[in-house]
Amino acid sequence: MTPDSRIADLRQQIEDANYRYYVLDDPSIPDIEYDRLMRELEALEAAHPEFADADSPTQRVGIRPASKFEEVTHTVPMLSLANAFADEEVQDFVDRIEKETGDGDPVFSVEPKLDGLAISLRYERGAFVRGATRGDGSTGEDVTGNLRTIKAIPLKLRGDTVPEVLDVRGEVFMPKAAFDKYNDWALANGEKTLANPRNGAAGSLRQLDPRVTAKRPLSFYAYALGEAQGMPESIKTHSQMLAWLKTLGLPVCPEARTARGVEGVLAFYRDLGARRNVLPYDIDGSVYKLDRYDQQRAMGFVSRAPRWAIAHKYPAQEEATVVEAIDVQVGRTGALTPVARLKPVQVAGVVVTNATLHNADQVARLDVRVGDHVIVRRAGDVIPEVARVIDERRPRDAQGEPLHPPYALPTTCPVCGSAVEREEGEVVARCTGGLFCPAQRKQALIHFASRRAMDIEGLGERFVDALVEFGYVKTVADLYALKIDDFLEMKRRADERDGTTPETVKAGKVASKWAENLIAAIDASRDTALERVLFALGIRDVGESTAKTLAKYFGALDPLMAADEAALQQVPDIGPVVAARIAHFFAEAHNRDVIAALRAQVRWPESAPQRSTDGPLAGKTVVLTGGLASMSRDEAGDKLEALGAKVSGSVSKKTSIVIAGEAAGSKLAKAQELGVEVWDEARLVAFLAEHAL
């Protein structure tokens, strides 16, 4: 392909992507692919200036506004930022500034690059008179009515002295917790869910009816100025300007700060990146702006961006790839989870080959099919998921029909052949095979051995698979009958199956050390606590908190096993659904047999029922989030429970107190959104000291 034809092709692809992204709010390619196209076009145009075109995407910021809104001409253009993807590019950026300003250690204003929608707010004599999207940088869309519904945007500026005209630039975004809450509401009310927080923000601002926008949980941070008549002359830096905006009542990102030199900005980038997944909002990079205004003026602008600012992007958390197959995994409770097997693709620095599709409803919403091109999303250590299908790339026959039919969840378990059922009102379909199903048996064993259950160190998935496959273990109680020779024989059979040399032959006594360690770990778990046993049994909907509540309320296992649904509903925070599941579990003859076998091998202390409402935190639900310096969260939880609190893992309207430690994330944000009381670690420590037992 000749340079001119490739340039034309790239321009068309980018314009099409801009249209889908900015006008339709329906992106067709991930950001990383868009960035690659733009960088290739920039390089080709630089190498072939004879093909320069004022209408090229490299000479513009976005795309012209949609016709459904009034047009607004920005008095000062809303420009975009150049991107950096490597530390070396940031070094070059800083080197250039040092050379041209003569400042060998420049100060930068640094902040997260929010993943929302850029907007402009115009205030005249302190009153909000107009709001507009960026559009093509010169002309945007008038979305004043929608912006007025966002509570974070003040309709009047604060203070006795306000500027004559103030054109504030910032980002409208949707907090993660608010996004999740909205989608839960939408599902419950038969409304369309939002694909992601960024699309939710952009789509909400382009609603013709502001009443629809008002239902969307949007927020806003200010980060720059356009036209400003009446800014105090004492303001000489960008960071001073942000502080001034806060005094006027405009929200500014709390992560914004200053950093000195390339070492400072890169340290900010790495620190923010390490906390990226616990921030209450989505970001896709860090932004560095030369702090001093006189230095900004000296650096000036290029046609597309200021030369004194740059966006340093994080590794992509979304990528495009192809679905090669759709399989089903069976979990501990029999839940069937469809999983897309993908053509390998690198997302956020990790090669991804599988992505969850969650459940049948999600598959139907996405309409994912074998052969589809899809966008895969990954955030930190969270399991990758399919975010959306790129419909234009779906394989089709000569008549334009899809080559592959819609995916349907199997009606029988792919592992044991038992019937698959879906309870009314549930999104999850489950295998009815119970512990007859090897998949459920394996997952039940892994859960039983986990750290917060029986804490059998070293008994992971690999060993559990072999123990079940070769018939050494059928129930959790069988673990306590295992001998060292059983583990060695199991390992020998697994090695022969896999075609590897048995380790027991290669190294004699050394090779058996792992087996001795496993037996020791199993023996160590024989002395435990009732709450651990209840959690380890894997009763559906009985997590750690509920297990502790049951252990305290009944004090012993026999009265709990004898309790009917009515009696169970007397336990704090246990409703009819969970009560029914607990009663059903203990009524099953097979489960009672397993418990009897466990009692012959495992010991735990039992006590009188603890049903007192005494204690300063009695009746209160407390959530711990973030890291604590003075104690572990487990220690804090135990102390709070001793004072009568129920310690929960999630924030809701029933939460009484959230204790926020270092790097508290979405739980803190949700607590603030719901108006829940928040304590810091100092207040927790003082409270515990005051009420020490």
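**View A. Arg125 counts as exposed, at 58% relative accessibility.** This is a predicted model, in which local features need pLDDT of at least 70, side-chain atom pairs count only at pLDDT 80 or more, and totals for chains, interfaces and linings use all residues. Residues are numbered from 1 along each chain as its sequence is written, and side-chain values use heavy atoms, with hydrogens and water left out. A residue is called buried under 20% relative accessible area, exposed over 50% and partly exposed in between (1.4 Å probe, protein chains only). Arg125 sits in the loop that runs between β4 (117-124) and β5 (127-133); helices (H or I, at least four residues) and strands (E, at least two) are DSSP runs numbered from the N terminus. Leaving out residues up to four places away in sequence, Arg125 touches Val162, Pro163 and Glu164, where contact means heavy atoms within 4.5 Å. The C-alpha atom of Arg125 is 8.6 Å from that of Leu157, a residue 32 residues apart along the chain.

**View B. Five strands form an open sheet in the order β2-β11-β10-β3-β9.** The pairing in this sheet is mixed, and two strands count as paired if DSSP finds at least two bridges between them. β2 (82-84) and β9 (257-260) are the edge strands, each pairing on one side only. Neighbouring strands are turned by 35° against each other on average, direction ignored. The axes are lines fitted to C-alpha atoms (for helices over the stretch in contact), with angles running from 0 to 180 degrees between N-to-C directions. β2 and β11 (residues 309-313) run parallel and are joined by 3 bridges. Ala84 has His312 of β11 as its bridge partner.

**View C. Phe93 and Phe108 form a tilted aromatic pair.** Rings of Phe, Tyr and Trp (its six-membered ring) pair if their centres lie within 6.5 Å; planes under 30 degrees apart are stacked, over 60 edge-to-face, and the rest tilted. This rule gives 14 aromatic pairs. In the pair of Phe93 and Phe108, the centres are 5.9 Å apart and the planes stand at 40°. Phe93 belongs to helix α3 (residues 87-101) and Phe108 to strand β3 (residues 107-114), so the pair ties together parts that are 15 residues apart in sequence. Phe93 and Phe108 are both buried. A second pair, Phe301 with Trp308, is edge-to-face, at 6.1 Å centre to centre and 80° between the planes. Phe301 is exposed at 53% relative accessibility, whereas Trp308 is buried, with a relative accessible area of 13%. One aromatic cluster consists of Phe173, Tyr221 and Tyr281.

**View D. Helix α14 covers residues 484-498.** The expected span of a helix is 1.5 Å times one less than its number of residues. For the 15 residues of α14 this should give 21 Å, and the end C-alpha atoms are 21 Å apart, which agrees. Buried in α14 are Phe487, Leu488, Met490, Lys491, Ala494 and Asp495. Seen down the axis of α14, these residues fall within an arc of 160°, so they line one face of the helix. The arc is that of the directions from the helix axis to the C-beta atoms. Gly499 follows α14 and has a positive phi, near 75°.

**View E. Helix α24 (residues 666-674) has Leu668, Ala669 and Ala671 as its buried residues.** They cover an arc of only 160° around the axis, which puts them on the same side of α24. The buried residues of α24 pack against β19 (621-625), β21 (657-660) and β22 (677-679). Gly675 comes after α24, with a positive phi near 75°.

**View F. Asp367 and Asp541 each lie in a loop.** Most residues other than glycine have a negative phi. Asp367, although not a glycine, has a positive phi of about 55°. The loop of Asp367 runs between α11 (360-366) and β15 (373-377), and Asp367 is partly exposed, with a relative accessible area of 24%. For Asp541, also a residue other than glycine, phi is positive and near 70°. Asp541 lies between α17 (530-536) and α18 and is partly exposed, at 43% relative accessibility.

**View G. Lys548 is placed in helix α18 (residues 544-554).** Lys548 is buried, with a relative accessible area of 19%. Not counting residues up to four places away in sequence, Lys548 touches Glu531, Asp638 and Glu641.
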